[in-house]
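Have a look at it first, then work through the points below.

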Amino acid sequence: MALTGDTPARERRPRSPRGRGRVVAEVLAEERPVVPVPLDHRNEFELLAATILSAQCTDVMVNSVTPALFDRYPTPAALAAADPDELEAIIRPTGFFRSKARSLIGMATAVEQRFGGQVPSTMEDLVTLPGVGRKTASVLLGHWFDTPAIAVDTHVLRLSKRLGLTDSDDPVQVEADLKKVWPRDMWADTGLRLIMHGRQVCTARRPKCDGCPLWNACVSRGTF
Ligand code: SF4
């Protein structure tokens, strides 16, 4: 159902960032009603570890190593006590495996020592964990803790500007701008939908403007 008026969302041509934001959120929701997190996980600890591993790596590759990772280290306590060489061997296919191993052990140690073995549930606490920035924290908040949040990755950065939802290149500012123009209860899923749209349609080098469902709302349509 359209958020406003009788004109279907994808036919509207909003003139303000707020108007564009609502149309983008609505059209993407029509396109992809269900957006499961593409990283396999069974609990918040696994989602956090998988998200750390996903830096500079495909979801498919992360999902190929996490079964062995979670089997070997099923809890923060187990991961905190991991032998770095053994851990590196498991996560090596995801790239940057030495720094990711340091982040995983550091994250797990901090969860154990400072949060009683429970992954914290606020942005303020999550970003204190090694290897966890606002993007990773937002994934946890939005997709596990049911707290409205927007994870700004490279696709969200690129598309937000192309769509005229922000004029900034700074992830923190883009996150703030998106929070002004997307309905709050749609923040997390719209962010995930925008990532999918960026991977499949509005790609970095060759956006497929012809046939793009966001054509009417997009200030960059047909300029590539
Ligand atoms: S119209 Fe083109 S530039 Fe705009 S979102 Fe669609 S693919 Fe990207």
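To compare two helices we use axes, which are lines fitted to C-alpha atoms over the stretch in contact, with angles running from 0 to 180 degrees between N-to-C directions. Heads up: this is a predicted model, where local features need pLDDT of at least 70, side-chain atom pairs count only at pLDDT 80 or more, and totals for chains, interfaces and linings use all residues. Residues are numbered from 1 along each chain as its sequence is written.

**Helix pair**
- The axes of α2 (residues 44-53) and α6 (residues 97-115) come within 10 Å and cross at roughly 155 degrees.
- That makes α2 roughly antiparallel to α6 (the label for angles over 145 degrees).
- On the α2 side, L48, A49, I52 and L53 meet K100, S103, L104 and M107 of α6 (contact is C-beta atoms, placed from the backbone, within 7 Å).
- These contact residues split into six nonpolar, one polar and one charged (nonpolar is Ala, Val, Leu, Ile, Met, Phe, Trp, Tyr, Cys and Pro; charged is Asp, Glu, Lys and Arg; the others, Gly among them, are polar).

**Overall build**
- The protein has eleven helices and zero strands (DSSP runs numbered from the N terminus: helices are H or I, at least four residues; strands are E, at least two).
- Along its principal axes, the C-alpha trace spans about 60 × 30 × 30 Å.

**Ligand surroundings**
- Around the ligand sit 13 residues, and the closest are C202, P207, C209, C212 and C218 (near means a C-beta atom, placed from the backbone, within 6 Å).
- That shell has nine nonpolar, one polar and three charged residues.

Notes. Parallel < 35°, antiparallel > 145°, perpendicular 65-115°, else oblique. Contact = placed C-beta atoms within 7 Å.
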